[in-house]
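Have the sequence and the model open side by side. The walk below moves from the whole chain to single contacts.

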Amino acid sequence: GADSGRIVLRVSLLRGMICPRISLACLLLLLCFASMGDAAYMKYKDPKQPINTRIKDLISRMTLAEKIGQMTQIERGVASADVMKNYFIGSVLSGGGSVPAPQATPAIWVNMVNEFQKGALSTRLGIPMIYGIDAVHGNNNVYNATLFPHNIGLGATRDPDLIRRIGEATALEVRATGIPYTFAPCIAVCRDPRWGRCYESYSEDHRVVQQMTDIILGLQGEIPINHTKGVPYIGGKDKVAACAKHFVGDGGTHNGINENNTIIDEHGLLGIHMPPYYDSIIKGVATVMVSYSSLNGVKMHANHDLVTGYLKSKLHFRGFVISDWLGIDRITSPPDANYTYSVQAGINAGIDMVMVPFNYTYYIDDATSLVKKGIINMSRIDDAVRRILRVKFTMGLFENPLADLSFSDQLGKKEHRELAREAVRKSLVLLKNGNSPNQQFLPLPKKAKSILVAGSHASDLGYQCGGWSIEWIGGSGDITVGTTILDAIKTTVADSTLVVYSENPDESFMKDNDFSFAIIVVGELPYAETTGDNAELTIVDPGTDTIRTVCSAVKCAVVIISGRPVVIEPYLPMMEALVAAWLPGTEGQGVADVLFGDYGFTGKLPRTWFKSVDQLPMNVGDLHYDPLFPFGFGLTINSSQPGFSGADRLRDSDGRMNIFYLWEDKVDGICSANPDVPTALLYCYDTTREGFES
């Protein structure tokens with residue numbers, strides 16, 4: 001029998017069945033059996049062994065080539081079973097919009113992932129690869145997946161339980177495609193809406209972002225009591241490894257320019273941008289992605305003090321650190337000016353897995369050479385591999401490396417779409433509702449003679465979903481399965497109500513028709529990362545013309561589809577109601593649910609709404625804070641201001657509306673009646689000017 005890797009042969013069995021006398025030949029035979037026993041039993045393959053024991057055993061067996069292979073992540077477009085086998089590749093990813101086939105089914109996805117996995121398993125040690133994808137608002141690369149509101153909308157909900165449930169649904173839809181790893185959540189604290197990734201940030205306030213890190217518990221599973229801080233946790237086959245990104249300070253780049261320099265002191269860094277990482281690590285996040293940006297002139301991909309010194313050593317993060325796409329290439333300026341140096345600087349800074357993603361042979365050759373020359377220490381390589389293996393062992397990849405179709409029915413599941421619809425409803429922020437408390441415009445009546453729906457975003461699912469939707473930058477039209485806002489309106493109103501759609505009606509059209517009211521849906525075009533950097537922040541043409549033309553002819557409600565606040569102050573007096581809908585995703589029915597009163601408005605601004613871009617950057621707490629709508633603002637139906645049930649009691653002697661807002665505790669009250677309240681920000685809303693005064 002086998003015992004701890006050794007074969008025990010009874011002497012009686014040996015004498016009676018193998019040879020009559022103890023001889024040299026018998027001893028050799030005995031050693032042969034023992035050797036066979038050692039080969040048959042490897043500690044790293046035994047799930048009963050502690051994870052650290054399995055890691056130690058496996059690393060002791062690995063060659064340098066196998067170790068560096070584990071530190072390599074390549075794009076699916078250059079991957080194959082042979083590449084996986086020959087280069088010992090540790091990870092594969094889908095870049096934005098990278099799919100095995102247009103409108104690929106779960107079966108096609110699973111077969112592709114398994115093909116790569118079989119190549120990895122065919123290596124000498126059979127170490128499984130981990131496949132990653134940017135599932136940042138649902139499994140958004142995949143046709144027919146449920147696309148949830150982008151993070152800025154989720155930040156408006158202030159509902160961590162909702163976000164956790166979204167994480168659970170997203171994990172199931174990612175698993176439906178055979179994928180066990182998502183590059184989410186983005187926990188940036190966006191401090192300037194001109195940044196093209198601001199919609200990937202939950203809020204300008206780190207406390208809101210910290211709350212939203214509960215999505216990690218949904219993606220990875222509820223962390224067990226007494227779980228060791230900093231150690232990754234993935235709760236089973238229905239969960240996925242998460243990735244907190246982008247470490248650190250990405251949301252603070254100068255002038256909101258993507259991949260730019262964040263200029264900030266230690267107090268600001270640790271007080272604004274670092275706190276969401278504390279929460280993510282406590283919640284067992286498996287991986288952390290490094291930011292393209294620089295911190296006070298030092299590229300984060302080469303920042304040893306923060307990646308190794310702070311994240312790994314001080315915060316005790318035990319998962320693996322991954323680069324961004326071509327991230328180490330951009331350590332130099334221009335990118336790829338000295339790739340060997342970039343490999344050296346990135347790995348020595350503490351990056352464990354490099355998202356190459358294409359020219360993997362260059363990376364492998366350079367990393368190998370740098371180790372052999374002693375420029376990168378073997379201890380650094382072992383640390384990286386140890387972290388990667390810890391995540392793989394934790395998520396059960398060694399026991400269940402191959403995907404199947406058991407989760408295929410989870411993609412676009414009805415319950416997930418209902419959850420997304422709930423998220424849309426809770427993300428909507430009501431910014432204006434009538435010109436006085438007694439003349440509220442919303443909710444809209446379902447029974448009306450005729451309703452005009454106008455605007456470029458009313459009947460465009462792609463615009464509604466924004467960037468990172470099927471394609472990296474997003475698209476227009478019916479990019480996937482979902483419900484446009486126009487279709488949602490038609491479904492919601494009474495059968496007798498005529499709904500007329502005209503994207504950009506002219507004055508003659510308005511004169512020739514007698515509409516009861518109009519709903520205008522306008523906003524930004526889809527964008528991602530640097531393509532979204534924007535110093536103007538205007539509604540895309542002809543959106544403002546549509547507002548002018550329609551609202552001058554009939555009472556109108558304007559719905560803004562955008563990844564951030566946009567210039568709206570000049571047009572505010574023209575409209576009866578204004579709703580910020582952010583980037584709601586595929587379930588447009590959630591917008592109609594609230595517009596027509598089936599549900600109330602509950603969303604609060606996750607970031608400050610400026611009057612003019614000349615004020616930017618401007619965030620709550622700034623000395624010169626003069627917003628159009630302050631952080632946390634959001635009206636409710638039958639209430640002129642947030643937090644109140646009776647608007648009439650807020651009027652002062654001048655007939656103007658007053659609101660007191662206490663930021664720290666999110667408490668509302670009457671400004672003139674609260675002289676003893678601790679330090680807070682005071683705002684008076686002037687209905688005659690439709691603006692706030694600090």
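What follows starts with overall figures, then takes up strands, a helix and rings.

This is a predicted model. The chain has 22 helices and 23 strands. Of its 694 residues, 60% count as buried. The accessible surface comes to about 26400 Å². Carbon and sulfur atoms account for 51% of that surface. How many contacts join residues at least 24 apart, among those between residues at least 6 apart in sequence? The share is 74%.

Turn to the strands. Five of them form an open sheet, in the order β6-β5-β4-β3-β13. The pairing in this sheet is parallel. Its edge strands are β6 (181–182) and β13, each of which pairs on one side only. Further in, β4 (residues 91–94) and β5 pair in the parallel sense. Four bridges hold that pairing. One place to look is Ser94, whose bridge partner in β5 is Ile133.

Strand β7 (residues 243–247) runs parallel to β9, and four bridges join the two. Cys243 has Thr287 of β9 as its bridge partner. Strand β9 is also joined to β12, by three bridges, and this pair too runs parallel. Here Met289 has Ile322 of β12 as its bridge partner.

Are the faces of β9 (residues 287–290) covered or open? Both are covered. In a regular strand the side chains alternate between the two faces of the sheet. In β9, Thr287 and Met289 lie on one side. Val288 and Val290 lie on the other. All four are buried. The cut-off for buried is under 20% relative accessible area.

Now find helix α8 (residues 160–175). It has 16 residues and reaches 23 Å from its first C-alpha to its last. That is close to the 22 Å expected at 1.5 Å a residue. How much of α8 is buried? The count is 12 of the 16 residues, so the helix is largely enclosed by the rest of the structure. The buried residues include Leu162, Ile163, Ile166, Leu172 and Val174. What covers the buried residues of α8? The cover includes β5 (130–133), seen above in the open sheet. It also includes the helices α7 (151–157), α9 (206–212), α10 (215–220) and α17.

Next, the rings. The count comes to 13 aromatic pairs. One of them is Tyr44 with Phe398, an edge-to-face pair. The ring centres are 6.3 Å apart, and the planes make an angle of 80 degrees.

Trp325 is partly exposed, at a relative accessible area of 24%. Phe358 is partly exposed as well, at 38%.

Some rings have a charge over the face. Arg330 lies over Tyr292, at 4.3 Å from the ring centre. Arg425 lies over Tyr599, at 3.8 Å from the ring centre.

End at Arg386, in helix α16. Is Arg386 buried, partly exposed or exposed? Its relative accessibility is 32%, so Arg386 counts as partly exposed. Which residues does Arg386 touch, leaving aside those up to four places away in sequence? They are Ile55 and Ile59. Arg386 and Asn52 are 334 residues apart along the chain, yet their C-alpha atoms are separated by 8.8 Å.

How values were computed:
Residues numbered from 1 in each chain as written. Predicted model: local features only at pLDDT ≥ 70, side-chain atom pairs only at ≥ 80, totals over all residues. Heavy atoms only, no water. Phe/Tyr/Trp six-rings, centres within 6.5 Å; stacked < 30°, edge-to-face > 60°. Buried < 20%, exposed > 50% of the residue type's maximum accessible area, 1.4 Å probe, protein only. Lys NZ or Arg CZ within 6 Å of the ring centre and 35° of its normal. Expected span 1.5 Å × (residues − 1). Contact = heavy atoms within 4.5 Å. Pairing = 2+ DSSP bridges. Areas by Shrake-Rupley, 256 points an atom, 1.4 Å probe, with all protein chains shown as cover.
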